[in-house]
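Okay, thanks for coming, everyone. Let me put the model up and we'll walk through a couple of spots.

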Amino acid sequence: MGAARARRWKLLSFHSKPPPPPPPPPPAPALSLPGKEEDVPREFLCPILGAPMADPVILSSGRTYERACVRACAELSVSPPGAEGEPPSPGGVVIPNDALRAAIRTWRARSGRTPPAAPSAAAAREAVLRAVPTPRPPGRSSSNLSCSSRASAASTWSSSSRSSSDITAVELDTVRAKEVAKEPEGEVGEAAVKAVESGEEWEVEAAMAALRQATRESAPRRRALCVPRLLAALRRVLLSARHSNAARADAAAALANLSLEPENRVSIVRAGAVPALIEVVGSGAGATEACEHAAGALFGLALHEGNRAAIGVLGAVPPLLALLTTGGHAPRARRDAGMALYHLSLAAVNQSKLARAPGAAKNLFSIASDSTEPLPVRRLALMVICNVAACVEGRTALMDAGAVATFTAILSEDPHRSELEEWCVAALYDMSMGSPRFRGLARAAGADRPLILIAEQAEPGAHKDMARKALRAMLGLGDINGGGLHDFSNSERNDDDSGTMASSVPVRRRRAASWGAPPASKLQNSHHWRSVYID
């Protein structure tokens, strides 16, 4: 046997691998909120901050902003975007929008969110700088502009003492002025502005008369004349007591004509013309014609849904209500005031204002129940009452003022009850929803008999269904869709034992002010009491 062989050791190299990373923790389950952030109503968002407002305030232009953003604009010496001509001074007049703040807090509570918190001064300043772009130097294109920081943009903007809204207004004024210049009398708007600036009364009267005539010509001309400079001049004429009644009447008529175009309605409100129109309507005894045209202008502006809350907050409801319920004014002024109130009362904020106004319900009832009043005015009063009855506060105020007895008397004894039937039934139906008090008031007033007659004999339509539902609520029978009215034959005031006709069509809940089955005498659009142009 040979010698033992030496052992050889083989060295192996080991490469240690890092342990695998731990798996990420599972994401936390998202809270299921009833509403999403993108579902926030637009009127709740600050135009500068883009978030729900914690302390909304209204400027003289009629627009609402977050108070911290308004202070930041004053510190930066810029006007808020969209508020042309608004003074950027800290002493500017602002009105707290308590109704909008309450609506935002209510909506947040219903959505499961906390009330919005006011932004800090730094956040508001940054939002203002982000919302106000850097002005372009004249004669240079956007491609030649160098990128500058926000701080330099703010300093340049402050030194030039011009805001982006001013530049926008100037550019819009220039474009529209070129459009007017192509027409035969394109200098009318500029002449009116110069006449108001000069201060000569005879020049102002002549310029306002020419402007009133120009706004009657065509829709393109009205759109071209609606520029911030001209709107500011009209506002000055309406607010100045030294101008004659004729000049103020022509200025109000020009604004009423301009409000006929949907494109002009928001611009007129933003230009601050609403407070001037409200003042003219409030002083109707001294300037009858100007009051009539101012009411027509407010009616035209209220047709835009986004203007209704601002017009109501600025104080238009009391003077319009006084104009509608006072018999000494011209019928046309009262009709325009009623139409303006009807459209304003479609907003929940204004419904509460009408419900809280002292004597508003009784004044509306006195007009609606007076057979000597013009029928269009009575119908308008009932239309406003129906809108007020859509909110809980309004239903309480109406029942306190004797609404159930008033509507029962109209449905039973009024010679024009066929023309007013739809609105009386709609108001009774609104008051019957969720109100145990309605049952006793309706029984005391004997409302079951006219409601049964309407439910049995009226033509098929929304008001027939509403009469049927109001009757069931009054008798404590609940709300049963479909079926007839045979359950009502045992009512102590029902003398008809022939039975009722069953309905196989399921009843759907509709708005009280439904236009589904309008009477034959009613026109189809909301302008049926206004001529197309102001004379």
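This is a predicted model: local features need pLDDT of at least 70, side-chain atom pairs count only at pLDDT 80 or more; totals for chains, interfaces and linings use all residues.

Numbering runs from 1 along each chain as its sequence is written, and side-chain values use heavy atoms, leaving out hydrogens and water.

So, helix H6, residues 188–198. Helices here are DSSP runs of H or I, at least four residues, numbered from the N terminus. Which residues of H6 are buried? Val 188, Gly 189, Ala 192, Val 193, Ala 195 and Val 196, where buried means under 20% relative accessible area and exposed means over 50%, using a 1.4 Å probe and protein chains only. Look down the axis of H6 and those buried residues sit within an arc of 165°, so they line one face of the helix; the arc is taken from the directions from the helix axis to the C-beta atoms. Over on the other side of H6, Lys 194 and Glu 197 are exposed.

What do the buried residues of H6 pack against? Helix H7 (201–214), helix H8 (219–225) and helix H9 (228–239), with contact meaning heavy atoms within 4.5 Å. Just after H6, Gly 199 has a positive phi of about 90°.

Now the cysteines. With a disulfide defined as a pair of cysteine sulfur atoms within 2.5 Å, we get zero disulfides. For Cys 386, the nearest cysteine sulfur is that of Cys 424, 7.7 Å away. Cys 386 counts as buried, at 1% relative accessibility, and Cys 424 is buried too, at 0%.

Note on methods
Helices (H or I, at least four residues) and strands (E, at least two) are DSSP runs, numbered from the N terminus.
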